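This briefing covers a two-chain protein model. It takes the interface first, then each chain, then a few individual residues.

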Amino acid sequence: MTTQAVLQEAASSNLVREQENTLKRGSRKRVGGKPNGKKSIGMFLCILPFLVLIFVFSYLPLYGWIFSLYDYQPALGLQGSAFVGFQWFEMLVSSPTQMAQILQVLANTLAMSFLGIATSILPLIFAVFLNEVKAPWFRNIVQTLTTLPNFISWVLVYMIAFSLFSSSGLVNSVLTDSGIITTPVKFLDSGDHVWITMLLWSLWKGLGWGAIIYLAAITGIDPALYESARIDGAGRFQLMRFITIPQLMPTYVVLLMLSVANLLNNGMDQYYVFQNAFNMQHIQVLDLYVYNVGLTGNNLSLATAIGMLKSLISVILLLTVNLIAKRARGTSII
Amino acid sequence: MAIATDARPQRTTTVPRRKRVRRTKGQKAFAVFNYAMFAIFALICAYPFYYLIINSVSANNLSALGDVRFWPIGFHLSNYGQVFQLQGLTLATAVSVARTVLGTAGTVLVSAFLGFMFTQERMWGRAFWYRFTVITMYFSAGLIPVFLIIKGLGLTNNFWVYVIPYLVQPFNIILVKTFVESMPRSLQEAAEIDGANILQVFFRVYLPNMTPILATVAIFSAVAQWNMFQDTLIYITDQSLYTLQYLLYMFINQANSLATAAQNAAGGSLSSIASAATSQTSTSIQMTVAVVVVLPIIFIYPLFQRFFVKGIMLGAVKG
């Protein structure tokens with residue numbers, strides 16, 4: 001589970017609360033505000049500069065989608081660039097080489113996302129089992145050490161990968177010394193098993209932190225549930241299986257739905273730092289592809305077109321997932 | 001330090017205290033297995049950090065071969081003196097520190113202010129503007145349009161690109177707003193009866209009482225700022241604005257030119273008598289810089305762990 005998802009989950013339940021608060025407040029007149037409803041423009045002016053910032057950095061870029069309809073050349077400006085209509089979008093599906101490339105990128109994106117979703121139960125299991133560790137000092141040490149990797153950058157993760165797995169790194173050195181291999185294994189400069197190694201690195205970085213939210217949820221479980229189950233003769237494993245895990249399921253489902261909504265948003269940091277000529281084919285996810293096409297390859301218009309499709313599909317996914325959540329659980333997740 | 005995760009119920013007097021049942025063999029085996037698994041995973045998480053640290057203080061000719069595995073061999077600290085003679089490293093450290101301090105202070109203040117203001121029902125269009133702010137968490141125009149806007153604003157190759165775009169963080173605003181809503185309204189009423197205007201209410205009354213939530217916001221954004229790498233990659237080409245993270249990334253990928261740079265940096269008085277153990281290799285530079293980058297996190301994290309945990313727990317538990 002990525003931190004982002006966890007944070008989003010935190011944010012979303014806050015939003016739900018906000019809606020509830022609004023409802024509550026609607027029913028009883030609030031003290032601080034003047035009930036007779038004279039709205040303060042002055043207060044609005046206080047926050048206006050920040051609303052402008054939000055507009056500039058989050059809304060104004062939407063206008064930039066227009067670049068996808070031009071053959072945008074930065075030197076000429078938008079006026080000087082040729083209007084090409086939907087040429088870039090057509091090119092995505094008409095040119096076979098482009099098509100093959102985009103399909104590979106989509107395969108990478110979906111594969112990494114699905115691997116992430118398939119392993120999204122691990123933080124929950126981690127938390128449930130850590131909860132069975134009864135020595136507080138041990139639990140604290142484990143928690144501190146396993147959450148630490150979440151707080152370093154992907155550059156540092158790559159540095160660690162490099163120092164352990166490069167051809168003169170620790171692992172190769174140990175394997176050579178023990179006579180298992182004679183030539184260094186190229187762990188990093190290799191196009192094999194890229195999806196799996198990327199998954200393992202993101203698990204190394206995020207597993208301990210992902211468990212925190214479940215550990216917090218466990219402390220929120222009503223002790224009476226355990227007590228009554230124990231009176232009924234439930235053993236330790238039965239408590240885990242019939243109380244703890246079912247109680248954590250709502251949290252898990254929300255996070256799962258959010259990761260489905262983020263199917264196309266893998267981010268680019270991890271893949272950017274690990275990419276090289278050997279693994280390029282299997283590591284390029286959509287976010288990285290947009291960067292490589294737009295800023296490395298200097299085709300701003302094509303990159304905008306791809307990014308735009310990605311954004312639209314992501315929003316549709318999010319709204320769909322949210323709708324399902326509303327139907328199934330009665331509360332929305334955004 | 002860490003959150004209490006013990007879910008065992010408090011015993012009540014109405015429930016007769018059961019004698020602790022002796023653990024069965026299965027349970028014992030499970031406990032051993034459980035402890036062992038966590039010990040192994042914790043080791044896997046921690047060892048790489050240890051590995052970097054011991055290598056940065058070991059004989060450089062050994063660390064380059066991956067021969068320093070358990071403890072430092074040929075202990076020396078000269079790497080730390082020498083990396084800071086590398087071109088750009090001191091400056092990059094200054095840039096990283098500056099963006100972390102300014103970026104954190106900025107987003108803390110802005111989040112506090114907006115979080116507070118969005119609780120003010122008198123504000124014109126409060127609900128609308130709040131939605132306008134929060135909804136930006138759920139969509140993005142994409143990399144290139146944002147890049148073009150930033151470029152259009154003249155923020156490329158500009159230090160402020162590290163600060164300004166991060167000032168307004170909807171998530172932090174939600175955290176602060178929820179916190180303010182839990183504070184007693186009478187604080188504001190009392191101040192207003194005494195004639196305070198809304199800014200005075202914020203700065204004199206609310207801001208000083210928000211420290212718990214602001215500490216959480218600060219610690220999260222400080223870590224994010226310190227670790228940020230993508231923005232240098234996208235918006236910066238001017239070498240004097242490189243951050244430590246970016247410099248480390250370049251050092252990893254330019255092992256060869258790095259060795260040359262090291263020779264040049266050491267080209268001063270002592271280089272002729274530098275032994276193989278202390279003369280710089282690309283590995284020693286990479287490891288030492290990596291430790292410089294990671295050390296603040298290692299020191300800060302255990303001290304502030306409870307803030308991180310609180311940040312995630314705020315509102316996140318209900319599911």
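How much area do chain A and chain B bury between them, and what share of it is on carbon and sulfur atoms? In this predicted model, the two chains bury about 10,900 Å² between them, with 72% of that area on carbon and sulfur atoms. Three residues, A:Met43, A:Phe57 and A:Phe151, supply 7% of the area that chain A buries against chain B, more than any other three residues.

**Interface between chain A and chain B**

- The contact involves 117 residues of chain A and 114 residues of chain B.
- The count of salt bridges between chain A and chain B is one.
- That salt bridge pairs A:Asp177 with B:Arg69, and the closest N and O atoms are 2.7 Å apart.
- On the side of chain A that touches chain B, helix H2 (residues 41-63) of chain A gives the most, with 17 residues.
- By residue class, the side of chain A that touches chain B holds 74 nonpolar, 26 polar and 17 charged residues.

**Chain A**

- The secondary structure of chain A consists of 16 helices and two strands.
- Chain A has 334 residues, and 53% of them count as buried.
- Taking contacts in chain A between residues at least 6 apart in sequence, 66% join residues at least 24 apart.
- Chain A exposes about 14,800 Å², and 66% of this is supplied by carbon and sulfur atoms.

**Chain B**

- Chain B has 14 helices and zero strands, so its pattern along the sequence is α-α-α-α-α-α-α-α-α-α-α-α-α-α, with helices taken as DSSP runs of at least four residues.
- Of the 319 residues in chain B, 50% count as buried.
- Taking contacts in chain B between residues at least 6 apart in sequence, 73% join residues at least 24 apart.
- The accessible surface of chain B is about 14,700 Å², with 66% belonging to carbon and sulfur atoms.

**Residues with positive phi**

- As background, most residues other than glycine have a negative phi.
- A:His193 is not a glycine, yet has a positive phi of about 55°.
- A:His193 sits in the loop between helix H9 (170-177) and helix H10 (194-219) of chain A.
- The relative accessible area of A:His193 is 62%, which is over the 50% cut-off and therefore counts as exposed.
- B:Asn157, also a residue other than glycine, has a positive phi near 55°.
- The loop that holds B:Asn157 runs between helix H6 (143-152) and helix H7 (170-181) of chain B.
- B:Asn157 has a relative accessible area of 34% and is partly exposed, because this value falls between the 20% and 50% cut-offs.

**A buried loop residue: B:Thr243**

- B:Thr243 belongs to the loop between helix H11 (230-235) and helix H12 (244-253) of chain B.
- Is B:Thr243 buried or exposed? B:Thr243 counts as buried because its relative accessibility is 1%, and the cut-off is under 20%.
- Leaving out residues up to four places away in sequence, B:Thr243 touches B:Ala92, B:Val95, B:Ser96, B:Arg99, B:Tyr162, B:Met228 and B:Thr232.

Technical notes: Residues numbered from 1 in each chain as written. Chains lettered and ligands numbered in written order. Predicted model: local features only at pLDDT ≥ 70, side-chain atom pairs only at ≥ 80, totals over all residues. Heavy atoms only, no water. Contact = heavy atoms within 4.5 Å. Buried area = accessible area lost by both parts, 1.4 Å probe. Salt bridge = Lys/Arg side-chain N within 4 Å of Asp/Glu carboxyl O. Nonpolar A, V, L, I, M, F, W, Y, C, P; charged D, E, K, R; others polar. Buried < 20%, exposed > 50% of the residue type's maximum accessible area, 1.4 Å probe, protein only. Areas by Shrake-Rupley, 256 points an atom, 1.4 Å probe, with all protein chains shown as cover.
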